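Subject: Structure handover

Hello,

Here is the structure I promised to pass on. My notes follow below it.

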Amino acid sequence: MLLGESGSGKSTLLSLICGTILPDQGTVNIAGTDVTALSGGARDRFRAEQIGVIFQQFNLLPFGSVMDNILLPLRFAPERRKRTGDAAAEAAHLCTELGLPSDIIQAKANALSVGQQQRVAVARALIGQPPLIIADEPTSALDAGSQAAFLDLLFAQTKAHETSLLMVSHDPRLGERFDRVIRMEGIAQIDRTAA
């Protein structure tokens, strides 16, 4: 778990890991791949194949169905799609494992409760078994009871799929659930205009 207050650099670190921004110096190595050495297109493909992301605001396509939203990453990741086999069946299976009713699969994302949207976001991140799941403050809008239930589901799924989980939070209480907690402190700003 990556723990830190707002402004401590958590989102910047996630962007570096995902390859959406590049460091000014040094390298970023994910699963044996130097992400900084890849072209922009290769970084996009690497991210699609190797990383499932659960966004803080879920980032579901509001007028897409639950099925459309879960299957979206597979459009950009042919190897991940191959690992899936029957994509629709895996999406339905993930929904069942995450406690979503079977009749929800064709519902529009904007018709779902916040808890249901959160579970769809988890299913989207897990489909195709990417080796790394990054969860950016996925429990920030939940009360303590809902947080615990959500983390139980998330841990069960990552364990079942043998997936590594990097979760970002500002809530130190959640750290008790993780094997390892890294605390981020504020990043010093560098004056690039100084000689």
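Start with His161. It touches Leu94, Glu97 and Gln129, leaving out residues up to four places away in sequence. Contact here means heavy atoms within 4.5 Å. His161 sits in the loop between H7 and E6. Helices (H or I, at least four residues) and strands (E, at least two) are DSSP runs, numbered from the N terminus. His161 counts as buried because its relative accessibility is 14%. The classes are buried under 20% relative accessible area, exposed over 50%, and partly exposed in between, with a 1.4 Å probe and protein chains only.

Two points on provenance. This is a predicted model, in which local features need pLDDT of at least 70 and side-chain atom pairs count only at pLDDT 80 or more, while totals for chains, interfaces and linings use all residues. Residues are numbered from 1 along each chain as its sequence is written, and side-chain values use heavy atoms, without hydrogens and water.

Next, the cores. A nonpolar core is a set of buried Ala, Val, Leu, Ile, Met, Phe, Trp, Tyr and Cys residues joined through side-chain atoms within 4.5 Å. The largest has 37 residues, and those touching the most other members are Ile54, Val66, Ile70, Val120, Val122, Leu154 and Met167. Helix H3 (66–71), helix H5 (87–97), H6, strand E5 (132–136), H7 and E6 each supply at least two residues. H6 gives the most, with 6 residues. Apart from this core lies another, of 16 residues, including Val28, Ile30, Val35 and Ile134.

Met167 touches Met1, Leu2, Ala135, Pro138, Thr139, Leu151, Leu154, Leu174 and Phe178, not counting residues up to four places away in sequence. Ser169 is in strand E6. Ser169 is buried, because its relative accessible area is 2%. Beyond four places in sequence, Ser169 contacts Met1, Leu2, Leu3, Gly4, Lys10, Glu137 and Leu174.

The aromatic count comes to 1 pair. Phe155 and Phe178 form it, edge-to-face, at 5.0 Å centre to centre and 65° between the planes. Rings of Phe, Tyr and Trp (its six-membered ring) pair if their centres lie within 6.5 Å; planes under 30 degrees apart are stacked, over 60 edge-to-face, the rest tilted. The pair links distant parts of the chain, 23 residues apart: Phe155 is in helix H7 (residues 144–160), and Phe178 is in the loop between strand E6 (164–169) and strand E7 (182–183). Phe155 is partly exposed at 22% relative accessibility, whereas Phe178 is buried at 12%.

Now the second largest pocket. Its volume is about 340 Å³. A pocket is an open set of points on a 1 Å grid over the protein atoms alone, where a 1.4 Å probe fits, with protein on both sides within 12 Å along at least five of seven lines; lining residues have an atom within 4 Å of a point. The volume is the space filled by probe spheres set on the points. Of the 15 lining residues, Ala48, Ile51, Phe55, Pro73 and Phe76 are the closest to the centre. Helix H2 (40–50), strand E4 (51–54) and helix H6 (114–126) each supply at least two residues of the lining.

H2 also has buried residues: Ala42, Arg43, Phe46, Arg47, Ala48 and Glu49. These pack against helix H1 (10–18), strand E2 (29–30), strand E3 (33–34), E4 and helix H4 (78–84).

Best wishes
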